[in-house]
Amino acid sequence: MNFRRIFLVKCLLLLFPSVKCSSTSWIYKAVNETALLSITAPGSIYEATWRREGQRLVQIKDNRAKHFVNKEQCRCAILRNGTLKIQRLEKEDSGNYTVMVYQKDGKLKAEENIMLFVQEPVPQPILIAKCRNKNVSVKCEAKQKAKDEVFTIELTQPNGEKIEMNATVLERHVRNSGMFRCIAKNQISEKMAEKVINCSGKMDFYLILSIAGGAVFFVIFVICLIYCIRRKKKRNEVYEEERVMQTLPADREKGLRELPRAPSKSTPRQQRLQQRLQQRPLPPQPQEPQQPRPQPRPRTQPRTPNPPRHRP
């Protein structure tokens, strides 16, 4: 701090007491609250006039108040000490308020500026954290009600490091596990959310579930594939057996069963097929009925000789 400048200013004020300085102060209030804009000038107030953005609002002179705007619309009143009282604050009440204080002889006693900011309370922040192997994905979010709302998001990590931004969402990827703190704040309110995250290096639950589901699906697929292959192989064996049975020689219908000669080097399938044919019984052969031999009929009367025919 520069003490020489401060000492110089004090000396000027002592030498020229008639010089009036205008001061500016900042006031933050919440919606629906009551604001009291007071005058810091010492002594009694004979006349004071309040303006907002250059427009006259209310005046007090010799303990008599006078309104220049609609009292119900302004929702404002002036007290005897010159303080401006505004009830049921709205966001539209924000602005620059100026008060002019005059003495009884009409000289300017003081001029003060007050910047009034009416804000909404911050919403409750939401802290979301996910473990990804050994890393932690942290997201701090505070949903705003209006587009022009501005508040500060502060994220405190387990190692004590703080990250602060004027935003509605703050997201970070860190390696430290422990207590995380998310704070949403502005000049009139502050809300906090805490959460303990412990990532021990284990795989993500959804990743494990997907791997297990994939393994089960693969096992079922292999079982179905083996079943289809064996079923197809069995169908081929049955088809080959039926084809061999249909191509047997005609002697099989007469009861004579001739087995095909086994090759010098028969395959295991051909051997099993020959065994099945040997074990299978022959079907019964139809027999033709024997007809009895015809017997000659006996002669009961002797046959008379025909008479000789005479020529005419």
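## Before we start

A residue is called buried when its relative accessible area is under 20%, exposed when over 50%, and partly exposed in between, using a 1.4 Å probe and protein chains only. By that rule, Asp93 is buried, with a relative accessible area of 10%.

This is a predicted model, where local features need pLDDT of at least 70 and side-chain atom pairs count only at pLDDT 80 or more, while totals for chains, interfaces and linings use all residues. Residues are numbered from 1 along each chain as its sequence is written, and side-chain values use heavy atoms, leaving out hydrogens and water.

Let's look at an open sheet of three strands, ordered 2-7-6 with antiparallel pairing. Strand 2 (35-37) and strand 6 (76-78) stand at its edges with a single partner strand each, so one side of each has no neighbour in the sheet. (Strands are DSSP runs of E, at least two residues, and helices are runs of H or I, at least four residues, numbered from the N terminus; two strands pair if DSSP finds at least two bridges between them.)

Strand 2 and strand 7 (residues 84-86) pair over three bridges, and Leu37 stands opposite Leu84 in strand 7.

## Salt bridges

The structure holds six salt bridges, each a side-chain nitrogen of Lys or Arg within 4 Å of a carboxyl oxygen of Asp or Glu. One of them joins Arg75 and Asp93 (2.3 Å, N to O). Arg75 is buried too, at 14%.

Another links Lys185 with Glu154, at 3.2 Å between the closest N and O atoms. Lys185 lies in strand 15 (residues 178-185) and Glu154 in strand 12 (residues 152-156), so this pair ties together parts 31 residues apart in sequence.
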